[in-house]
Amino acid sequence: MKFESQVVHAGDRKRSRCGPVPSTTPIHLGTTYFYDSAEKLDRIFGQEEQGFSYSRYGNPTNEALEELTTSLEAGDGSLATASGMAALQLAVQAALLDRPHSIVSSNSIYGATVKMFDQIFAPFEVDVTYVDMCDLEAVKSAIEKKKPGCVFTESISNPLMRVAKLDRIAKLSRSAGAAFVVDNTFATPMMLRPLSFGANIVVHSATKYLAGHGDVLGGVVVADQEHIETVRMLSRVVGPVLAPFDAYLTMRGIKTLALRFARQCENAAAVAQWLAKHPKVDRVFHCSDPEHPDAAVIKELFTPNLFSAVVSFEIKDAGKPAILTFMDRLKMIVPGTSLGDVHTLLLYPAMSSHRDISPKMRERMGIHDNLVRLALGIEAIDDVIADLAVALDSV
Ligand SMILES: Cc1ncc(COP(=O)(O)O)c(C=O)c1O
């Protein structure tokens with residue numbers, strides 16, 4: 001099946017020739033399961049036979065979503081979690097189990113992931129090294145020096161939209177015996193499938209494009225056989241699983257992912273072009289830019305004609321007060337955190353996603369105080385542009 005059909009059909013429960021339309025996957029709220037013989041229950045608890053026993057170990061609604069995400073990311077299995085961060089923690093823990101407690105990570109990642117490495121993993125004697133993932137020589141030398149158990153990157157860096165050579169990094173990781181973990185939230189499997197370029201584990205904040213409507217907090221881990229078993233083992237013990245109702249909403253969201261994401265990417269490319277010509281705008285960061293520093297990698301890795309749905313831009317000579325005024329002037333665009341929603345969202349990295357990084361470090365990362373990030377929704381592009389035009393006029 002093509003991606004557009006996969007999102008609609010994979011994971012659907014077509015148990016009989018008649019019944020409700022399969023897209024209405026039942027929501028199984030029961031936490032405990034019983035069978036007609038205790039012997040069968042014993043075999044299920046012992047994992048000698050497939051079946052449900054307790055919702056922390058597995059749930060039919062979640063299983064349907066997991067089948068769907070496994071199919072979309074072309075993995076061997078998947079686990080739906082209560083948040084993107086829970087998915088990340090399980091993925092990195094699974095990567096590090098039985099491997100050296102050392103992580104080589106991209107230095108351009110979501111702020112909470114940095115916090116997770118520094119405040120949750122580092123105190124347990126996990127060594128963390130940050131590198132520029134777009135500098136292959138730097139990655140190679142960090143891997144050779146640190147001999148990590150886990151190499152981590154986001155498929156598109158936030159908020160500057162850099163794209164690393166995933167296939168080359170996967171090879172470097174494999175030859176060093178490290179697991180390669182990729183956060184594919186920004187790209188979605190419609191644009192990029194990291195497992196097909198050699199990654200071992202892919203993570204999503206399902207809160208974003210997968211669920212897609214700003215009403216679910218969730219995550220997904222998709223992995224190869226070796227790692228999904230470990231992820232499931234960890235989750236069976238700790239239980240950061242997605243609630244069944246949210247699994248249902250996420251599945252329903254994914255059915256329209258192809259339509260939504262195509263429109264969001266189209267809107268992003270149009271707004272990037274418009275911003276590039278605006279006299280009050282300095283630099284624009286979007287993967288559709290022919291001058292993008294990673295244009296060749298983008299051509300190699302991305303689905304043709306999709307360039308992501310997030311655009312960052314710098315407002316000329318604007319400091320924090322001017323940016324806050326600009327945000328207050330927006331009428332339709334929502335000045336909130338997150339991305340992947342049907343509504344266009346505008347975020348100020350210095351205020352939210354990168355707030356905990358020191359101003360000096362932010363400057364070094366190229367995240368200046370006049371930078372804002374726009375995550376396009378599915379509205380009419382003329383309305384998005386008109387809203388931006390009025391707000392920019394006020395700066
Ligand atoms: C790239 C990326 N990964 C992970 C997360 C964490 O996801 P969640 O908020 O669902 O825990 C976010 C949240 O913004 C994100 O942007």
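Two strands pair if DSSP finds at least two bridges between them, and strands (E, at least two residues) and helices (H or I, at least four) are DSSP runs numbered from the N terminus. On these terms, Ile-103 stands opposite Cys-150 in β4. This is a predicted model, in which local features need pLDDT of at least 70 and side-chain atom pairs count only at pLDDT 80 or more, while totals for chains, interfaces and linings use all residues. Residues are numbered from 1 along each chain as its sequence is written, and side-chain values use heavy atoms, with hydrogens and water left out.

- Strand β2 (residues 102-106) runs parallel to β4 (residues 150-154), to which 3 bridges join it.
- β2 also runs parallel to β3, through 5 bridges, and here Ile-103 stands opposite Val-128.
- Because 5 of the 5 residues of β2 are buried, β2 is largely enclosed by the rest of the structure; buried means under 20% relative accessible area, exposed over 50%, and partly exposed in between (1.4 Å probe, protein chains only).

**Helices on the sheet**

- The buried residues of α5 include Gly-111, Val-114, Phe-117 and Phe-121.
- These buried residues of α5 pack against α4 (84-96), β2, β3 and β4.

- All 6 of the 6 residues of β9 (residues 310-315) are buried, and the strand is mostly covered.
- Val-310, Ser-312 and Glu-314 point one way from β9, whereas Val-311, Phe-313 and Ile-315 point the other way.
- In a regular strand, side chains alternate between the two faces of the sheet.
- Strand β8 (residues 281-285) is antiparallel to β9 and joined to it by 3 bridges; the bridge partner of Val-284 is Phe-313.
- β9 is likewise antiparallel to β11 (residues 371-375), with 5 bridges, and Val-310 stands opposite Ala-375.

**Nonpolar cores**

- The largest nonpolar core has 64 residues, and those with the most contacts inside it include Met-133, Ile-156, Phe-261 and Phe-302; such a core is a set of buried Ala, Val, Leu, Ile, Met, Phe, Trp, Tyr and Cys residues joined through side-chain atoms within 4.5 Å.
- Apart from this core lies another, of 28 residues, among them Leu-90, Ala-94, Ile-103 and Val-114.

**Ligand surroundings**

- Of the 14 residues around the ligand, Met-85, Asp-183, Ser-205, Thr-207 and Lys-208 come nearest; a residue is near a molecule or strand if one of its heavy atoms lies within 4 Å of it.
- A nitrogen atom of the ligand is 2.6 Å from an N or O atom in the side chain of Asp-183.
- An oxygen atom of the ligand lies 2.9 Å from a backbone N or O atom of Met-85.
- A polar side-chain atom of Ser-205 is 2.8 Å from an oxygen atom of the ligand.

Key:
A polar contact is a pair of N or O atoms within 3.5 Å; within protein, one must be able to donate a hydrogen and the other to accept it, and residues adjacent in sequence count only if both atoms are side-chain atoms. Contact means heavy atoms within 4.5 Å.
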